Amino acid sequence: MPDRPSPLMAATGVVLDTHGRVLVLATPGRTDPELPGGAVRHTETPEEGLARALRDGLRLDRPAGRLLAVDSRPPDPAGAPDRSVIVHLHLVGPLPPPEAEAVSLTAATTTEARWLPPEAACALLPARTASRLRAALAALHTGSFAHLVDGVPQAGSPAGLDPARRVALEHSGTLDPASHRASRPKAVTAASVLFTGPDGRILLVQPAYGRSDRWNLPGGGIDSDLGEIPRAAARREVHEELGLDLAPGRLLAVNWAHKPGRPARIRFLYDGGVLDAPTLARIRLDRTELLQWRTVTSAELPGLVKPALRRQITACLAARAAGTGPLELHAGRP
């Protein structure tokens, strides 16, 4: 590529299936396995170049999804490439089983396509590519972005930076304020409302997205970037979802939940009080968000809501009955 201007540009796809496995390719004539993608032509954007590479190489007609990471690779003094390379890593998928199987069959004519768990993929790939993949997956799971140089997350990178290294950088005082904010762990906040009917049954709603077999309390995310506070978010969400404009009662609990590699999730749970029959009859669902609503007994909760939410509901009912709280909960446990 001697006639190409510097730096060179490449686009890589982090192609996932619905099981979270990563697509890794092994092409005849190449020593190392690789991720899908390739060089970007001078008239293309990275997104267009990746989409073309997926179509041409795998017959996969999928657009490049969210940008997960950018890696700047300096020139290799020992050989090719003799120019810097900028690599964009984009999410592709997740592909449902029929589409994932079709990719495997199509690729079999020219290359070997393997669907591997993330750590197995990283163990198989060359070190620099594996580092890119780890950082891109960290960005995916945290809803963030990774800034890399030669595969190494940089100081202040919002994702991919090893927590021990981040702490060391913070203690050294070398991070500027913007980099400190960018690299700090993030949390997702939500507000929910506990309503019961005159018979003590609990109001649940069935989401129209995600896992529709899991029922929830009315509520949703807090628009903190707009200055919204938890109580206002609880009222807004109830109004949007149920068509009821009701001021939440007292705060019953704050729940903290965390999974490794994911942002912490903080939920504020408010007492919505007892809804009489006329109020329940006024419920009008937002069909873009909810499929239906129902009231259930505590005994019915295990078959409808996930265990952590069931524990939160049980704790809030106890706090409401005893007039105690607000409770401090961790995954629903006091």
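Is Lys306 buried, partly exposed or exposed, and what is the relative accessible area of Lys306? Lys306 is partly exposed, at a relative accessible area of 44%, where buried means under 20%, exposed over 50% and partly exposed in between (1.4 Å probe, protein chains only). The views below belong to a predicted model, in which local features need pLDDT of at least 70 and side-chain atom pairs count only at pLDDT 80 or more, while totals for chains, interfaces and linings use all residues. Residues are numbered from 1 along each chain as its sequence is written, and side-chain values use heavy atoms, with hydrogens and water left out.

**View A. A positive surface patch that includes Lys306.** Lys259, Arg262, Arg265 and Lys306 form this patch, a patch being made of residues with over 30% relative accessible area and no salt bridge, with like charges joined within 9 Å and nonpolar side chains (Val, Leu, Ile, Met, Phe, Trp, Tyr) within 5 Å. Lys306 lies in the loop between strand S14 (290-296) and helix H9 (307-322); helices (H or I, at least four residues) and strands (E, at least two) are DSSP runs, numbered from the N terminus.

**View B. The salt bridge between Asp245 and Arg235.** The structure holds 17 salt bridges, each defined as a side-chain nitrogen of Lys or Arg within 4 Å of a carboxyl oxygen of Asp or Glu. In this one, the side chains of Asp245 and Arg235 meet at 2.8 Å, N to O. The pair links distant parts of the chain, 10 residues apart, with Asp245 in the loop between helix H7 (230-242) and strand S12 (251-257) and Arg235 in helix H7. Asp245 is partly exposed at 47% relative accessibility, and Arg235 is likewise partly exposed at 36%.

**View C. Salt bridges around Arg236.** Arg236 forms a salt bridge with Glu240 (3.2 Å, N to O), and these two residues, four apart in helix H7, are separated by about one helical turn. Salt bridges that share partners join Asp223, Glu228, Arg236, Glu237 and Glu240 into one network. Arg236 also forms a salt bridge with Glu237, the closest N and O atoms being 3.2 Å apart. Glu237 is buried, with a relative accessible area of 7%, whereas Glu240 is partly exposed at 36%.

**View D. Strand S1 and its pairing with S5 and S3.** Nine of the 10 residues of strand S1 (residues 8-17) are buried. S1 runs parallel to strand S5 (residues 85-95), to which nine bridges join S1, and Val14 stands opposite Leu91 in S5. Strand S3 (residues 37-39) is antiparallel to S1 and joined to S1 by three bridges, with Gly38 in S3 as the bridge partner of Ala11; two strands pair if DSSP finds at least two bridges between them.

Terms used. Accessible areas come from the Shrake-Rupley method with a 1.4 Å probe; for residues, only the protein chains shown count as cover. Lys and Arg count as positive and Asp and Glu as negative; His and the chain ends are not counted. The place of a charge is taken as NZ of Lys, CZ of Arg, CG of Asp or CD of Glu.
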